[in-house]
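Work through each task with the structure in view before reading its solution.

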Amino acid sequence: MLKDYILGTEIAEKGNFHQANISMLLSDFGLIEGDDYLKFGGVVLINRKSPLLPNYIREVIENNDFTDLSKYLPKVYFMDILENQTSNIKDKFEEVTISSKKFVKIDDELQELFNNDNLIKTTVDNSEIPELAANDYIKGSIKLSNKKSLVWY
């Protein structure tokens, strides 16, 4: 999901410049959200393959190693999707801090689910699951708490 992305604060740290340079990069060089960068609350992820990156950013990327984010999701994004209902799946993820930003490391099952762009993911009340499953409206579910489940279809 985030394989080709680098955390903006990590680029700033390794390039020895201020985080504000990353914000200026987004506005001054016409980067397009969704293609050239992703933004989740205070977490900015830069697409390492963007053709719009200026040379000083390319040099930092080419001359340094960065955290592989392919098994991570920004915590703010993860919690928004799951509507903060994570009590029953805490064993499926661990929270990590990368360059002062919080991420969730997800297991293979959840990674496969989140990487599948063909599936729509949402949360529903647990009481709705039997009817949704009986009518083949969902492909699967994970119980998140006593009240909510994550479903996909």
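**Exercise 1.** Determine the strand order of the open sheet formed by three strands, and identify its edge strands.

*Solution.* Step 1: the order is β7-β9-β8, with antiparallel pairing; strands are DSSP runs of E of at least two residues, helices are runs of H or I of at least four, and both are numbered from the N terminus. Two strands pair if DSSP finds at least two bridges between them. Step 2: β7 (121-125) and β8 (140-143) each pair on one side only and are the edge strands. Step 3: from one strand to the next, the twist averages 30 degrees, where axes are lines fitted to C-alpha atoms (for helices over the stretch in contact) and angles run from 0 to 180 degrees between N-to-C directions. Step 4: five bridges link β7 antiparallel to strand β9 (residues 148-152), and T123 has L150 in β9 as its bridge partner.

The model is predicted: local features need pLDDT of at least 70 and side-chain atom pairs pLDDT 80 or more, whereas totals for chains, interfaces and linings use all residues. Residues are numbered from 1 along each chain as its sequence is written, and side-chain values use heavy atoms, leaving out hydrogens and water.

**Exercise 2.** Describe the pairing of β5 with β6 and the hairpin that they form.

*Solution.* Step 1: strand β5 (residues 93-98) and strand β6 (residues 101-106) run antiparallel and are joined by six bridges. Step 2: E94 stands opposite K105 in β6. Step 3: the hairpin has two residues between the strands, and S99 takes a positive phi near 50 degrees.

**Exercise 3.** How many aromatic pairs are there, and how is the pair of F17 and Y56 classified?

*Solution.* Step 1: rings of Phe, Tyr and Trp (its six-membered ring) pair if their centres lie within 6.5 Å; planes under 30 degrees apart are stacked, over 60 edge-to-face, and the rest tilted. Step 2: the count by this rule is three aromatic pairs. Step 3: F17 and Y56 are edge-to-face, at 5.7 Å centre to centre and 70 degrees between the planes. Step 4: because F17 lies in the loop between α1 (8-15) and α2 (20-28) and Y56 in helix α3 (residues 55-62), the pair ties together parts 39 residues apart in sequence. Step 5: F17 is buried at 18% relative accessibility, and Y56 is partly exposed at 34%; buried means under 20% relative accessible area, exposed over 50%, and partly exposed in between (1.4 Å probe, protein chains only).
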